Structure formats: C-alpha cells, structure tokens
Amino acid sequence: MAHDMALIAYALVGTLVASLLACVPALHIYNVAGLILLWMARVEGVIAPDALAMLFLGLIIGFAVVNTIPSLFFGAPDESAVWIVLPGQKYLMQGRGFEAAVLTGVGSLGGIFVLVALAPFTAQILSPIRQVIQPHLHWLLGLVVVYMLMSEWPKGSGRGATWPARLWDGWKSLTAGLVTFALSGLLGLILTYRPLLPIELAFQSLMPAFVGLFAVPWVLQNILSRAGIPKQHLARSVDVTPGLIARGVGAGALGGLLAAFFPVVTGGIGGFIAGHATAQRDDRLFVISQGASKVVYYVGALLFFFAPGLHLTRGGMAWMLTPRYTPYTPHEYWLAVAATALCGALAFVLLLWLSRAALALIGRVDYHLISWATLVVLIALVAAVTGWAGLLIMLAATGIGLIPVLFHSRRMNCMGVLLVPILLNMAGVGSTVAGWLGLV
C-alpha cells in the first residue's frame, strides 16, 4: 500500500510540474520528458521504472488539461490545441477568455471521466478492433489524409471583377492547403531521411518543426495585429447545459479515441473528424469537444499502454517509456486509472487558478509585448534544446506555417510533416520516394 501511495504521489507531482510548465508557450511535455530521459541516462537508478511511468502519466495529464492557457491567451498553440484558438479568440475579444478556459477544462474533465468509465472494457473492445484493422492501417490512414484535403473544398464568396479573380477567390484556400500539406510532407521526409540534428537529440527532431509550423506564425500574426484585448470578466458560471456538455464530451472523446488508437492521427485531426461526424455548429460545443479530444488523445494513448492484454504503444510518452518500463499486471493498470482520476481533478483546479493569473497578466501588460516575449521564448527554447540546426528547421517550418495564415486555409494541413513520411513507410514505399528525392 505504501508503495502504491508513493507511485500516486509521483503522478500528482508530475501533474503539478506539467501544469506550471504548460503555461510556457510552445514548450511541449514530450520535450520535457525527453530531457528527463537524457538526464536519467547519465545518472542511473535515480527513479525506478514504475515511478517513472507514473511521473510521465502525471506529466501528460497536467499538460493535456492546462496547455489551453498559452493557446488561448498567449497565442502559441500546439497542434492538438490549434482548433480551440479561433473560437477561444472570440471569447477573449468579448471579454470572456476565462469562460473559454473553463469550457475547455469541463471538456477535459469529461475526457478523464470517459477514460475512467471505459477502463474495465478497454482491452475487450480495442483488442479485436486492433486485430482486424492492423493489416489495413496504411490505407485507412490514407483515407484520413484524403478527407483532410477534401475538406478544403473551394469556399470563396465569388468576389472579383473578372472570372480569373473569382476563380482565384474560390480556389486560393484549397490551393494553399494542398501546398502546405505537400511542403510540410517534404519537410517531414527530409527530417526522417536526412536528419539535421545529432543522434543524441533524435527524440527532439520534430520540436523545431512543430514550433515553426504552429506556434511562430500565430505569434507573428499577433504581433502584426492592431487589435487590443478588452477587459476580461471572471465569470462565476458558464452558459452551458448538461446536455451540451454531454454532446461536446461525446464528440471530443470519439475524436480523441480515434487519435489515441490510430498511429499519427493526433488529437486535432481526431477532433476535427469527430466534429464533422457529429455536425457541431455551436462554439461552446466546439471548445468543450476539443478539450475532451486532446485529453483523451494524450492521456488515453499512454493509458492504453498500461492495459492488460492490449499494451498498445501510441503517442510519444508511451514510445519513450517502452525501453525502460513494461507493465505486466492488472494492478499496475488500475493504479494508473486511479492516478488518472486524481490527477485530472488536480489539473482542472490548477487550470482555474492559472487561467486567472494569465488573465491578470494580459490585463496589466500590453498584448504585443507578451507576443514579443513569447517569440523570444520560442527562439530561446529551440536554440537551447536543438542548437543552430534546430533554428534553421524552425525557420523553414515557419515559412510553411505562414501559408495557412496568409491564405486562410486549415493549419491542420501542416501535419503533413508527420502524415506523409509515416504513411509512405507504412505502405512500404517510403525509401523509394526518398530515393526519388535524393534523400537516400
């Protein structure tokens, strides 16, 4: 019992630490976990394998719930949070930023509830599905990519004095989406087959790319914006009913489970597909569902790793844990489930406190100054972790990430950086395509 309580304490400490670190723009918890592993490689025996697993579980829970704060208030979303930003910005510009954070937190709590409720049935449900679809993952993932690109279907307003102008107005977002996907996919192939970072930093190879694709373009947009942030209201309640919460959490959990189960499909993509499948049109539903989606994606991917009879390795945290820890007993799984419930509740409380602190900061400091500071933090983080090579990768990725900003296409197309190389490798043609490009 004492050992179990110590493991739960590791998880709670991880949640507390990750909740604080999640407020740092663009600092992903996978990078923090990678640095912990790098430190452990030099100082063996500091943390037992099972304690490390629970620490990582707490880290991912705290990050998944609280990383809403930089996404909403500081303009540096990661991929899983980028879909919250636009509706969240509406709330922020209406003086209701705290309400947006609370709605996302409600969705996150709902996602935790879904994972805990499904815990007794996880292996029984997912194991047969895994056996059926495993041989078909490559073309199923291909269908996800096709749907993503088709969703950028021409949507112009027909403006323009001449037919070429009207044609460009209708097709510019689609063209920008296709170009973004192709260029980010090419970047992903280069990073896969011609890595620019030294081998000891291989686990950080995607950090500068993701910062450039998602965070820097948004911060630059904020810097150039002339809009100010109105005074924010700290609401004591949110305008949402239990029915709306259930619908939002249901749609988000569906997307998160899809992302946690399928390789490479992230929380943003899963939530996007689930939102279309459930025909969401309400901003409140959208924000709640995305909060649920990213929590189920991040936390579920690691929790499935603990599940007896499943041991599904999905997500960065599970892959980093695999060489050091393997769960064997149902006791370890149920301890992880209990820790998930406790850490989820702690992270929600911390989200409320830290959201108030963030609102106090943006109320006292000019938003553009915060954006400049965020940009400096982004550059400093990339330089400190990956050096000059990482800065060059970030610069190239920023050029690609600016295309959706300038032409109003979906930023999700930047996920080609992961989807293209992994899809080609799953189909068995990755090396062939890389050879055509002169990368091998």
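Tutor: Let's start with α17, which is mostly covered: eight of its eleven residues are buried, where buried means under 20% relative accessible area, exposed over 50%, and partly exposed in between (1.4 Å probe, protein chains only). The buried residues of α17 are G416, V417, L418, L419, V420, P421, L423 and L424. Please keep in mind that this is a predicted model, in which local features need pLDDT of at least 70 and side-chain atom pairs count only at pLDDT 80 or more, while totals for chains, interfaces and linings use all residues. Residues are numbered from 1 along each chain as its sequence is written, and side-chain values use heavy atoms, with hydrogens and water left out.

After α17 comes G428, with a positive phi near 85°.

Now for a partner of α17. Helix α9 (residues 163–193) and helix α17 (residues 416–426) have axes that come within 7 Å and cross at roughly 65°; axes are lines fitted to C-alpha atoms, for helices over the stretch in contact, and angles run from 0 to 180 degrees between N-to-C directions. On the α9 side, the contact (heavy atoms within 4.5 Å) is made by F181, S184, G185, L187, G188, L189, T192 and Y193. From α17 come G416, V417, L419, V420, P421, L424 and N425. By class, this contact of α9 with α17 has nine nonpolar, six polar and no charged residues; Ala, Val, Leu, Ile, Met, Phe, Trp, Tyr, Cys and Pro count as nonpolar, Asp, Glu, Lys and Arg as charged, and the others, Gly among them, as polar.

The axes of α9 and helix α16 (residues 367–407) come within 8 Å and cross at roughly 165°. That makes α9 roughly antiparallel to α16, since angles over 145 degrees count that way, under 35 as roughly parallel, 65 to 115 as roughly perpendicular and the rest as oblique. α9 passes α16 in a left-handed crossing. Here α9 contributes W168, K172, S173, A176, V179, T180, L183, S184, L187 and L191, and α16 contributes I393, A397, I400, I403, P404 and F407. The residues of this contact of α9 with α16 comprise twelve nonpolar, three polar and one charged.

The C-alpha atoms of W388 and L196 are 9.8 Å apart, although 192 residues separate them in sequence.

For contrast, look at F348 in helix α15 (residues 330–364). With a relative accessible area of 17%, F348 is buried. Neighbours within four places in sequence aside, F348 is in contact with V65, V102, G105, V106 and L109. Its C-alpha atom is 9.7 Å from that of T104, a residue 244 places away along the chain.

Eleven nonpolar, six polar and two charged residues make up the contact of α6 with α13.

Finally, the wider setting. The protein chain has 18 helices and zero strands; helices (H or I, at least four residues) and strands (E, at least two) are DSSP runs, numbered from the N terminus. Of the 440 residues in the chain, 57% are buried.

Technical notes:
A crossing is left-handed if the near helix is turned anticlockwise from the far one by less than a right angle, and right-handed if clockwise.
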